[in-house]
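Let's take a walk through this model together, with the sequence and the 3D view side by side. Have both open as you read.

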Amino acid sequence: MSERLATELGPKQPPVPPPTASQASAPGRSRHWEGPTYYGRPQVKAAPFNNWVVGGYIFLGGLAGAAALLAAVADRARGPEAAPTVRRGRALSMLAPTLGAGLLIYDLHTPRRFYNMLRVAKPTSPMSIGTWILMSFSGFSILGAAAAAASRWLPRLSFLRRTAKAAQLPAAVTGAGMTTYTAALLSATSTPLWAAAPRSMAVRFGSSSLAAGAAALSMGDTGRVGRTLDKVALLALAADLAATCVSHNTYRRTGVAPALEGDWGKVEKLGVTGLGTLLPMGLYAASLARGRSPALSTLAGIATLAGSAMLRVSTMAAGDESANRPDVSFRFNQPQNLPKRPSRWFRR
Amino acid sequence: MDMPARAAEESASRLDRMIPNESELTAGVRVEPGKSYGFFTDTTLCIGCKACEVACKEWNNLPADNIGLTGQSYDNTGALSANTWRHVNFIEKAGTCGLRENTQSPFQSGWLMMSDVCKHCHNAPCLEACPTGALFRTEFDTVVVQQDICNGCGYCVPACPFGVVDLSELDGKAHKCTLCYDRLKGGLEPACAKSCPTDSIQFGELEDLQGRAEKRVAQLHELGASNAYLYGAPGSPGATGDLGHLNAFFLLTDRPETYNLPAAPTRAANRVAPSLGTGLAAVAGLALAAFALLSGRD
C-alpha cells in the first residue's frame, strides 16, 4: 500500500467538526433531535448504489413488468382488438432483460461476478427474490416476444402463436412482481426513509409502474383500447397519490420527514407529486372529458413516465440523505417506532 | 515490496510450532466449532489506547483510512469502514460551554471511550440481505463475508442497522470484522481482545460473557455507577426489533446515541413480507380494475 493511495482513501467529505470537542454530545444541535449525536457523523451507512443507474432500473423494470401485465389484461378483455397493445407490451417488456439487467450489472462493484446472484434463493433478501423475479420475467417475456416474432415469419406454425399466448400469463404474474419488489428491496434496509413506510412505498411503486405502463401503451393509440388505458393510467395515478399522502403522514409520525427538506425532497414533492402525478391526472381528465384528445393524452403520458422515473431516483437520493443525517436515524430508531407485534416470519 | 521494516525482521515465527488452543492461555476459553462466541466490550474499562485498532489492522493486513486529524477529540479514525474493523469512540462529557464541572460521577468521569465493532447479530440483517450467500454464519456463530463470492452489490451496507459493513474502493467487495475467523480456526483469541491491556474487550463463549457482564453491571451499581447498563444482551437496548441478541455486546454508561448507537434498531427482513404483500395486492387490484374497464361496453 503506497502512502499516496492511503491518503486518498480518507473520507471524501470529512464531517464539519463542532467548535469544541466537548460539544460532541451536547444536546439540541438539531431542531428535530434533542439528544446527542457523535460529532454529527452518520449513524448508518448510506447505500452505495448509483441513484441514477439503480433508479433507472427500478423505473424500467416496473415499466416493463406493468406493460406485460396490462398487455395480458387487454388481450383477455378485448381479444384481437388489443393486438397492437399486446405487440407494444411485448416490446416494452424487453426493457427489463436488456437495458434493465445491464444497468444492474453495471452498478455492481465487482460486475464480472454478477452470476453469483444465481447461487442462492433467499426469502429474507428482496435482492435475491428480485433476481429470480427478473430471471423468470425475462425468460417468459423473451419467449413470448420471440414466439410472436417468429409466428409473423412463419404464420403456418400455429404452435408459435400458442406459445406466445401461453407465455403471457406467467409474464404478467412475474411482471406484477417486477413493479413491486424494488420497494421491498429499499424498505428491507436500515435507511430511515425507506424503512419508515414499507407498505405505502410498495403501493406507490406498484401503482406508479402501472400508471407508466398504461401511459406508454396508450400513447399514440387512437382506438378504444387506448382510451380505456388512459382511464387505467388515471386510476393508477390516483392510487399513487393516495399512497403518497399515506407515506408522508408516516414520515411525519416516525420522524424521518426532515430528510425530505433538501433538494431531493423538493424534487419528490414538486417534481414527482406535482408534475408527475397531479399534472398528468388533470391532463388525462381533460383529455377524457373531450372524448380523448391525442395531444393532451400524449402530454399526460410523458409527464407520467417522467414522474415515475423521478419517483425512484428522488426516493433513493432522499433515502441517502436520511441515512447520512444522524438526527433522522436516531429519531427513527426510537422504541416508539418498533413494530407493535413481533414478526411471525423468518424464525431462527 | 512495500513491507514495513519491522515485518521484514520478524518474517518467521520464533516458535517451532503453534501453541495448541492458545486462547485457553490468553482468554481462558477453548475455541470449539458449534459454540457461540462473541465480544463483551466494557466501556468503563476502556482507556482509549487504540491497541485494538492497531492489532486488528496488523493481523488483518488492513490499510489506513484517514491520515490526518479530525479535530474530534482523540478520534482520528472517524468510523468503522471497509478497512477499519475496530473503532474507538472518544466523547468528552465534562466542560461543555467552556465551564469545567466541579463534580465527577464515578468511572470514566468526563471521558467516555468505547471500542466499537461489528455486533455479529443473532438475526444479522447484512447476512439476510446478501443475495449471493457471500455473507454466512460460521461454526462459531459469527458473521463473515466470503471474499471469493461477494460481487460488491452493496446491499449489506444499508441493511446493517449499525453502519458497520462497508464496500472497499480498492477491491469492490464488502468488508467487516470477521471476529478473526482465521484465528478462531487456529484456536487463537481474536487480535483486538488479545491486545486489550485493560480487558475492556473480552472474548469468550457467549453465555459465559453474558453472565460476566450481568455481574459487572451489578458491581458497578453497587459502587455507585447507577447509569451502567448492557447494550445488545438479550432483552436490553440494541437487542430490539427481532434482531435477537448481539454476539458483540457492550456495557455503556450513557444513552446509546452518545456512542453513535441506535436506541432501538430493527431487523430489516421483517419488512419484506408487509411491503411485498401490500404492493402486490394494490397491483392486483389495479389490474382487476383495468380488466373491468377494458371489458366494459362503452
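Does Asp75(A) count as buried or exposed? With a relative accessibility of 11%, Asp75(A) counts as buried, since the cut-off for that class is under 20%. Please keep in mind throughout that this is a predicted model.

Now move along chain A to another charged pair. Asp240(A) and Arg204(A) form a salt bridge whose closest N and O atoms are 4.0 Å apart. This pair, too, links distant parts of the chain, with Asp240(A) in helix H10 (residues 224–254) of chain A and Arg204(A) in helix H9 (residues 198–218) of chain A, 36 residues apart. Here both Asp240(A) and Arg204(A) are buried. Chain A also holds a network of salt bridges that links Arg78(A), Glu81(A) and Arg224(A).

Step back and view chain A as a whole. It has 13 helices and zero strands. Of its 348 residues, 58% count as buried. Taking the contacts in chain A between residues at least 6 apart in sequence, 76% join residues at least 24 apart.

Strand S2 (residues 86–92) of chain B is mostly covered, six of its seven residues being buried. S2(B) runs antiparallel to strand S3 (residues 111–117) of chain B, and seven bridges join the two. To find your place in this pairing, look for Ile91(B), which stands opposite Leu112(B) in S3(B). Chain B has charged pairs as well: Lys35(B) and Glu32(B) form a salt bridge, with 2.7 Å between the closest N and O atoms. In this pair Lys35(B) is partly exposed at 32% relative accessibility, and Glu32(B) is partly exposed at 31%. Over all chains, a search of the whole structure finds 20 salt bridges.

What happens where the two chains meet? In the interface, 102 residues of chain B are in contact with 95 residues of chain A. Between them the chains bury about 7900 Å², 60% of it on carbon and sulfur atoms. Gln72(B), Tyr155(B) and Leu294(B) supply 10% of the area that chain B buries against chain A, more than any other three residues.

How many salt bridges are there between chain B and chain A? The count is zero. The interface does have polar contacts, however, with 36 residue pairs found across it. Among the elements that give two or more residues to the side of chain B that touches chain A are S2, helix H4 (125–129) and helix H9 (272–295) of chain B. H9(B) gives the most, with 18 residues. By class, this side of chain B has 49 nonpolar, 33 polar and 20 charged residues.

Technical notes. Residues are numbered from 1 along each chain as its sequence is written. Chains are lettered from A and ligands numbered from 1 in the order in which they are written. This is a predicted model: local features need pLDDT of at least 70, side-chain atom pairs count only at pLDDT 80 or more; totals for chains, interfaces and linings use all residues. Side-chain values use heavy atoms; hydrogens and water are left out. Buried means under 20% relative accessible area, exposed over 50%, partly exposed in between (1.4 Å probe, protein chains only). Helices (H or I, at least four residues) and strands (E, at least two) are DSSP runs, numbered from the N terminus. Two strands pair if DSSP finds at least two bridges between them. A salt bridge is a side-chain nitrogen of Lys or Arg within 4 Å of a carboxyl oxygen of Asp or Glu. Contact means heavy atoms within 4.5 Å. Buried area is the accessible area (1.4 Å probe) that two parts lose on being put together, summed over both. A polar contact is a pair of N or O atoms within 3.5 Å; within protein, one must be able to donate a hydrogen and the other to accept it, and residues adjacent in sequence count only if both atoms are side-chain atoms. Ala, Val, Leu, Ile, Met, Phe, Trp, Tyr, Cys and Pro count as nonpolar, Asp, Glu, Lys and Arg as charged, and the others, Gly among them, as polar.
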